[in-house]
Amino acid sequence: MNLFRRSTPWSLADAVERHAGVPEAASALQVGDAVKLVIVPRDGLRERVWVRVTAVGEEELVGSLRSDPAELRGLRAGDAVTFERRHVLAVARREPSDSPETPSEPDATVGK
């Protein structure tokens, strides 16, 4: 257990202004794709995290956090994260041959 991790409220950064090409990629997200989001704690440093898409809606998407954030207490790998396409910083598409549970690793991304 990391005693330096803090419990603090957080939100997601809007990535649209940072990466003009990502919104087009985010518009075609599918279950199984991985997306990079930026968590913005009320106090402290922003942190980039990978989330595997588990549900796609018209306005909101839901994903599963792929690893524990380094700084935030109370947010763990496997936790559900609700986000919008505007929050997507990068996209790693799952391979067509992959099942939704096993998308490709997030090394072939749109955006950075």
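Pro9 is located in the segment before strand 1 (10–12); strands (E, at least two residues) and helices (H or I, at least four) are DSSP runs numbered from the N terminus. With a relative accessibility of 43%, Pro9 counts as partly exposed, a class between buried (under 20% relative accessible area) and exposed (over 50%), with a 1.4 Å probe and protein chains only.

Beyond its neighbours within four places in sequence, Pro9 contacts Val40, Pro41 and Arg42, where contact means heavy atoms within 4.5 Å. Pro41 is 32 residues away along the chain, yet the two C-alpha atoms are separated by 5.9 Å.

## Basis of the model

The model is predicted: local features need pLDDT of at least 70 and side-chain atom pairs count only at pLDDT 80 or more, while totals for chains, interfaces and linings use all residues. Residues are numbered from 1 along each chain as its sequence is written, and side-chain values use heavy atoms, leaving out hydrogens and water.

## Overall fold

The chain contains 1 helix and 7 strands, in the order β-α-β-β-β-β-β-β. Of its 112 residues, 37% count as buried. Among contacts between residues at least 6 apart in sequence, 56% join residues at least 24 apart.

## Nonpolar cores

A nonpolar core is a set of buried Ala, Val, Leu, Ile, Met, Phe, Trp, Tyr and Cys residues joined through side-chain atoms within 4.5 Å. The largest has 18 residues, of which Leu29, Val35, Leu37, Val51, Phe83 and Val88 touch the most other members. Apart from this core lies another, of 5 residues, including Val38 and Val40.
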